[in-house]
Amino acid sequence: MDLDNLASLEYFYPEIILAGAILLVIVLDLVIKNKRVIGALSILGCLASLGATLQLYSGPSGFLFHRMMVLDHFSLFFKIVALAATILVLWMSFSSREVASLHQGEYATILLSSALGMFFMASATNLLMAYLSLEMVSITSYILTGFLPRNRRSSEAALKYLIYGGVASGAMIYGMSWIFGMTGSLDYSQIHAALFQGQPNQLALFIAFVLILAGFGYKIVFVPFHMWSPDVYQGAPTPFTAFLSVASNAAGVAILLRFFFPGVSQLGPDGSWRFLSGVEWPQFLLIVSMVTMTLGNLSALGQQNLKRMLAYSGIAHAGYILMGLVVLNTEGLQAMLFYIVVYLIMNLGAFLVVVLVANATGKEEIDGYRGLAWRGSAVPAIAMAIFLFSLTGLPPLAGFVGKFFLFAAVIKQQFYLLALVAVANSVISLYYYARVVKVMFLDFPEASDGRVELNPGAATLLGLLSVMTLVFGIYWGPLVAFTSQSLQFFTK
Amino acid sequence: MEVGTVVFYLIALLVVASAAMVAFSHNIIYSAFSLLGTFAGVAGIYVFLGADFVAAVQLLIYVGGILVLILFAVMLTHRITDVQITNRSAGVVPGLIIVGLLFWLLYETITTTPWAKAKEIAYAATSAKIGDQFLQSYLLPFELASIVLLAALIGAVVLARKEMKG
């Protein structure tokens, strides 16, 4: 279907609810004195939006608002991911002492706006919408990065992020203007038709794609668009860092896949995608993927600050996720979607422990984790061990299954070198993840190290995330079914 | 060369030269003033493209609003002229080589690519059409832009305000 403005509203409830929640939170923030209510209200808004999204999942697909955006399983999948991340991060924010000192109403408002931007990133089928939604997510991210008052590191991170983001989106919009110049259209399906029917200049297309990739790539954080990430991850309020590492990354993948797959590739009957002939795209991505994971892992080795270490590990994981893109087939894409869900769970869990430790000690450095298992409750240390081993990709945890699918997709298409580099990287990553586990369990705490308190809310969330990490490591069937069902693009 | 082409290149020169001034000037007030040439020149390019409404808006918002705001911010900031922004440039030679190569690559590509040419530019009023489009095909981006601006506004207020408590 191809609906006009009024008819589209019926399929637009998730966005309407979320936008309504944003406005409601701003207004109620002026009236309500108890700030926990604001957080609870935001979560409620997200849950309502999630309900509406799930309902659309069983409904029809089609273009909405004069082909400005598309409703299909692929976009709904990423909306669910964005909402899940937002809900979990809001939940996490309840137990963060850092966030408690901030303006709750504005914090929740901007976080929800960011989620709304991700909705549009996942469903944009027009370069104008793609650009606008990306800017929406970027602007809200700059704001939340610099949200800590009178904190030099936070302000510096926001400024760095802003400058890198500005350059990246400038490059992207320049690339988009080339595409527009070659095809005369902003609409993805018209671009597709023009590129496949006409005889486009391959070099010009390649340049345009690289420029556009700068904009998308800085959201997914792959090399060479990664420079901002360690400083921003370290400077931002920790729950928002967690949000940035999973949701922003996923939204970047969504917009990238939508543009490069249904946009400028053709799906063959055997589930393999054919890219525009003559543009050596997969080879280019292959190199980017290998460099990204290697650089991320090697830089993570020497880090003392946990947030910085997780930033570099995030870069490495962006490299792993890119592996699914290189093979240009449905299997690879499905592995990517699976990995995004798994990464969301385990990375949010790891950041939750960082929040808890920072609450107790005010430290994010590794020595704050000294003997964590013997300081008060042992639960955070055990959960952290689960998340970190899952990030490494050890069985029987969810991270292993995610990596297994990615490696399998790559090996089946005989990209042996890539698989080899990825395996070597996993081994390197074991070193720095295991170092944290060693410090937590084998080192003894000193008298000055604070006890780590666990409130019921944080304990429930921690339990939920670690159980999910374990369960998806053993029983991944439903998640595989869900991701393979979600890999449906609506193009006609 | 036609007169139109000559005028176009003069405007383009104005834009690029002013932009270079913005980037290379050591005094931030000169940089701010140089933006005038860039903004006004871009308005001229819009006129060339037959986009009368956009050109007028460019003049109103960028030259009339944003530039004045920047100048105010620069002038009101205490002792801003004392700060010498030196743009320390390291590795000028390799940088120039890379920029030169990139420029050559882009130039070669642009001149050999068959671009989708627009039909003859019709110099007619566009504002009515833009209004129609905003409420029809482009309603969604129009509304989305308003949410982006709302979020930016809230963010700006939060980041700029003084802490009241404590």
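What follows is a conversation about a predicted model with a chain A and a chain B.

Visitor: Let's start with chain A, then; how many helices and strands are there in it?

Guide: Chain A of this predicted model has 20 helices and four strands. Along its principal axes, the C-alpha trace of chain A spans about 75 × 55 × 40 Å.

Visitor: Can you give me one residue in chain A to look at, say N347(A), and tell me where it lies?

Guide: N347(A) lies in helix α15 of chain A, and at 0% relative accessibility it counts as buried. Setting aside the neighbours within four places in sequence, N347(A) is in contact with S245(A), V246(A), L310(A) and L391(A).

Visitor: Changing topic to charges: how many salt bridges turn up over all chains?

Guide: A search of the whole structure finds eleven salt bridges over all chains. One of them is between the side chains of R67(A) and D2(A), with 2.9 Å from N to O.

Visitor: Where do R67(A) and D2(A) sit in chain A?

Guide: R67(A) is in the loop between β1 (62-64) and β2 (69-71) of chain A, while D2(A) is in the segment before α1 (5-8), so the pair ties together parts that are 65 residues apart in sequence.

Visitor: Is R67(A) buried or partly exposed, and what about D2(A)?

Guide: R67(A) counts as partly exposed at 23% relative accessibility, and D2(A) also counts as partly exposed, at 43%.

Visitor: What about E156(A), which residue does it form a salt bridge with?

Guide: E156(A) forms a salt bridge with K160(A), and their closest N and O atoms are 3.3 Å apart. Because E156(A) and K160(A) are four residues apart in helix α8 (residues 152-183) of chain A, about one helical turn separates them. E156(A) is partly exposed at 45% relative accessibility, and K160(A) is partly exposed with a relative accessible area of 29%.

Visitor: And K307(A) with E364(A), how far apart are the closest N and O atoms there?

Guide: In the salt bridge between K307(A) and E364(A), the closest N and O atoms are 3.3 Å apart. This pair links distant parts of the chain, 57 residues apart, with K307(A) in helix α14 (residues 306-326) and E364(A) in the loop between α15 (330-361) and α16 (379-392) of chain A.

Visitor: Are K307(A) and E364(A) buried or exposed?

Guide: Both K307(A) and E364(A) are buried. As for salt bridges that share partners, they join E156(A), K160(A), D231(A) and R308(A) into one network.

Visitor: Let's move to where the chains meet; how many residues does each of chain B and chain A bring to the contact?

Guide: The contact takes 30 residues from chain B and 41 residues from chain A. Between them the two chains bury about 2900 Å², and 78% of that area is on carbon and sulfur atoms.

Visitor: What is the count of salt bridges between chain B and chain A, and of residue pairs in polar contact?

Guide: The count of salt bridges between chain B and chain A is zero, whereas four residue pairs are in polar contact, both residues being at pLDDT 80 or more.

Visitor: Which helices of chain B supply residues to that side?

Guide: On the side of chain B that touches chain A, α4 (92-112) and α6 (139-160) each supply at least two residues. The largest share, 14 residues, comes from α6(B). By type, the residues of this side of chain B divide into 21 nonpolar, six polar and three charged.

Visitor: Last one, still in chain B: where is the place of S31(B)?

Guide: S31(B) is in helix α2 (residues 28-48) of chain B, and with a relative accessible area of 10% it is buried.

Visitor: And what is S31(B) in contact with?

Guide: Apart from neighbours within four places in sequence, S31(B) is in contact with M21(B), V22(B) and S25(B). S31(B) and M21(B) are ten residues apart in sequence and 6.2 Å apart in space, taken from C-alpha to C-alpha.

How values were computed: Residues are numbered from 1 along each chain as its sequence is written. Chains are lettered from A and ligands numbered from 1 in the order in which they are written. This is a predicted model: local features need pLDDT of at least 70, side-chain atom pairs count only at pLDDT 80 or more; totals for chains, interfaces and linings use all residues. Side-chain values use heavy atoms; hydrogens and water are left out. Contact means heavy atoms within 4.5 Å. Buried area is the accessible area (1.4 Å probe) that two parts lose on being put together, summed over both. A salt bridge is a side-chain nitrogen of Lys or Arg within 4 Å of a carboxyl oxygen of Asp or Glu. A polar contact is a pair of N or O atoms within 3.5 Å; within protein, one must be able to donate a hydrogen and the other to accept it, and residues adjacent in sequence count only if both atoms are side-chain atoms. Ala, Val, Leu, Ile, Met, Phe, Trp, Tyr, Cys and Pro count as nonpolar, Asp, Glu, Lys and Arg as charged, and the others, Gly among them, as polar. Buried means under 20% relative accessible area, exposed over 50%, partly exposed in between (1.4 Å probe, protein chains only).
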